[in-house]
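Visitor: I'd like a tour of this model, please. Could you take my questions one at a time?

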Amino acid sequence: MESKNYTIKDIARMAGVSAGTVDRVLHNRGDVSPASREKVKKVLDEIDYRPNMFAIGLAAKKRYHIVCIIPYYIENDYWHAVSCGINRAAQELQPFNVGVDYLYYNHADRISYEEACSGLEQLKADAVLIAPNFREETLRLTARLEQEGIPYAFIDFNIEQTHALCYIGQDSRRSGYIAAKILMRHYEEGQELVLFLHNRKNSPAEIQMQRRMEGFMQYLAEEYKHLTVHDVVLHKEDASINKRLLDCFFAGHPQAVLGAVFNSRIYHVADYLYERGLKLNGFVGYDLLQKNVDYLKSGEVNYLIGQRPGLQGYCGVKALCNHIVFKQEVAVAKYMPIDILMKENIDFYFEFE
């Protein structure tokens with residue numbers, strides 16, 4: 001159909017309904033019979049109707065408040081990138097009377113996460129963006145949001161037992177599977193693999209890491225059934241203990257020349273390798289922290305898997321805004337690409353286009 005600007009009256013005439021019915025369908029307000037709604041939607045599809053978003057923003061009297069629950073961060077880390085994406089979306093949405101606030105928690109700290117979730121009660125939120133950490137605490141939070149009719153979306157990690165508006169992030173198991181597949185390109189007969197874990201690996205907050213490991217081990221089970229795999233459990237905050245652990249491990253396992261890390265701290269092991277003048281034949285980890293990128297370029301790390309954290313934050317806020325302000329349907333899942341970065345292509349990588 002020829003493109004033109006259609007008024008509500010035009011759409012009503014074409015659908016054979018009242019202008020009021022068209023208005024209620026467009027803004028998802030009031031009761032509309034299924035038959036009338038179908039008539040209006042058919043016409044909207046035929047004319048490829050696109051609402052004037054800027055006009056909606058200018059006309060809106062209501063102010064909208066989106067609250068984001070994410071971990072505390074330091075400059076240039078993973079959650080700093082998420083925050084930058086959120087702030088970019090917030091800036092774009094200012095003309096539509098949308099404001100964005102934060103509630104922060106210490107990652108992997110159950111009490112801190114509970115306090116952030118409880119802090120939401122003091123804020124008047126129209127929608128909530130959640131980077132979930134602990135399952136049971138998240139389920140209690142989302143049950144309350146659902147009872148109050150407040151839409152919410154997840155980023156970084158998905159908890160499927162909820163009724164989230166959408167999830168924005170990677171498929172964790174698939175990314176682990178791919179990590180194993182690219183790492184094992186370096187495998188030669190007789191070599192061994194070491195998984196560098198940390199001392200909170202069984203924490204309920206580390207479900208994301210566990211899912212990556214599941215995907216990783218699935219690939220190994222399919223293709224390398226007799227491969228020797230070692231676990232080295234590192235301390236998250238004690239570099240001196242880690243050095244002694246790694247010295248002992250590598251002295252006793254000279255064939256362990258392939259390695260993987262399932263969180264963003266591959267630089268902890270790369271620090272050790274650089275200091276000792278060592279390099280693994282293949283080493284894969286996650287996230288484009290500056291330290292990780294530096295070691296990718298110098299060769300201590302072979303592959304980094306990027307998750308586009310900034311884009312996750314940006315798309316999360318935009319999805320909630322599309323739902324509460326523009327009354328648009330939102331896809332239940334927006335999976336981020338599984339970006340595989342090497343020193344040969346890292347300089348050409350941009351998260352936002």
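Visitor: Which residues of α9 are buried?

Guide: Two notes on the ground rules: this is a predicted model, in which local features need pLDDT of at least 70, side-chain atom pairs count only at pLDDT 80 or more, and totals for chains, interfaces and linings use all residues. Residues are numbered from 1 along each chain as its sequence is written, and side-chain values use heavy atoms, with hydrogens and water left out. Helices (H or I, at least four residues) and strands (E, at least two) are DSSP runs numbered from the N terminus, while buried means under 20% relative accessible area, exposed over 50% and partly exposed in between, with a 1.4 Å probe and protein chains only. For α9, the buried residues are I207, Q208, M209, R211, R212, G215, F216, Y219 and L220.

Visitor: What covers the buried residues of α9?

Guide: Contact here means heavy atoms within 4.5 Å. The cover includes helices and strands, among them α7, α8 (172–183), β6 (192–198), β7 (229–234), β8 (256–261) and β9 (282–286).

Visitor: What is the order of strands in the open sheet of 6 strands?

Guide: Two strands pair if DSSP finds at least two bridges between them. In this open sheet the pairing is parallel, and the order is β2-β1-β3-β4-β5-β11.

Visitor: Which strands stand at the edges, each with a single partner strand?

Guide: An edge strand has a single partner, so one side of it is left without a neighbour in the sheet. That describes β2 and β11 (333–335).

Visitor: Which way do the side chains of β3 point?

Guide: In a regular strand the side chains alternate between the two faces of the sheet. Strand β3 covers residues 127–130, and all four of the residues named next are buried. A127 and L129 point one way, and V128 and I130 the other way.

Visitor: Which residue of β4 is the bridge partner of I130?

Guide: β3 and β4 (residues 152–155) run parallel, joined by 3 bridges. Along this pairing, L129 stands opposite A153. The bridge partner of I130 is F154.

Visitor: Where does A108 lie, and what is its phi?

Guide: A108 lies in the loop between β2 (98–105) and α6 (110–119). Its relative accessibility is 16%, so A108 counts as buried. Although A108 is not a glycine, its phi is positive, at about 70°.

Visitor: And what is the phi of R308?

Guide: R308 sits in the loop between β10 (303–306) and α13 (309–324). R308 is buried, with a relative accessible area of 17%. This residue is other than glycine, yet its phi is positive, near 50°.

Visitor: How far apart in space are H198 and V232?

Guide: H198, in strand β6, counts as buried because its relative accessibility is 7%. Not counting residues up to four places away in sequence, H198 touches E206, V233, L234, N263 and R265. H198 and V232 are 34 residues apart in sequence, and their C-alpha to C-alpha separation is 7.8 Å.
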